Amino acid sequence: MIRRLWLIGCGNMAGAMLARWLASGALTPEEVVVVNRRDRALPPGVAQVRDVPPGPLPDAVMLGMKPQQLDEAAAAHAARLAGVGCLISILAGVEEAALAQRFAGGAIVRAMPNLPVAIGQGVVALHSDSAADPVRADVAQLMAPLGLVEWIGPVQFDLVTALAGSGPAFLYRYVDAMSRAGAALGLPADQAARLALATVAGAASLAAAAEEEPAALAERVASPGGSTRKGLDVLDADDALVRLITDTLAAATARNAELAAAAR
């Protein structure tokens, strides 16, 4: 079980994970140390230091800085972290082999969370070639309070990073587009924003609870010859929406591959 955790860097995503772990009781502030280059706002009771503390190593260390800061973090902390039983990385695009070149220890687990982990409704994709079953179980247990946890193959990891990791940003763009479209067609902007957000939130909750697939739910809303059908005709023409989202995920996946190449 992972109870003592050190975080090397604590940006927006790592901070969201930490907040949820503490709120759920998976960790306590006394069991967490954050190593930051400069102070950030952290939950009360969490120690914030500039360098890895002396003494015994924790159960796990999580790399929570930006991928571009990998070499800097390794130069500063790798020697002290040598021998840690589990290294968890949330660095987009940085492969396990690249991490193993810089950090000597036990198992390495890549994790890709998305921002709704902050409220326990996120997605965490996991991958490891080096973790034995007990370590995999411990990491999955640590991630469980954050939302849906899925183990992913190495070939698909960058794609899952684009779909689930970046996906909330794409959905927020959609909500914003719905709001702006409503305003452009005559609704007060603030009202359009409220309606768009409530519509997406309610529809997502219903889809999560329904037995039907989302495509079938869309058909339930769209009666033949009705207004919804006319709107769907625009999205469905030449698979316009599917092609747009496919191109979006492909661009994000390609960028992950570029980050991986830069870290090798």
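**Close-up views of a predicted model**

Arg255 is partly exposed, with a relative accessible area of 43% (partly exposed lies between buried, under 20%, and exposed, over 50%; 1.4 Å probe, protein chains only). This is a predicted model in which local features need pLDDT of at least 70 and side-chain atom pairs count only at pLDDT 80 or more, while totals for chains, interfaces and linings use all residues. Residues are numbered from 1 along each chain as its sequence is written, and side-chain values use heavy atoms, with hydrogens and water left out.

**View A. Arg255 and Glu258 form a salt bridge.** The closest N and O atoms are 3.0 Å apart (a salt bridge is a side-chain nitrogen of Lys or Arg within 4 Å of a carboxyl oxygen of Asp or Glu). Both residues lie in helix H10, 3 residues apart, about one turn of the helix (helices are DSSP runs of H or I, at least four residues, and strands are runs of E, at least two, numbered from the N terminus). Glu258 is partly exposed as well, at 46%.

**View B. Glu31 and Arg3 meet through their side chains in a salt bridge (3.5 Å, N to O).** Glu31 belongs to the loop between helix H1 (12-24) and strand S2 (32-35) and Arg3 to the segment before strand S1 (5-8), so the pair ties together parts 28 residues apart in sequence. Arg3 is partly exposed, at 26% relative accessibility.

**View C. Arg37 and Glu72 are joined by a salt bridge (3.4 Å, N to O).** Arg37 sits in the loop between S2 and strand S3 (47-49) and Glu72 in helix H2 (residues 70-81), so this pair links parts 35 residues apart in sequence.
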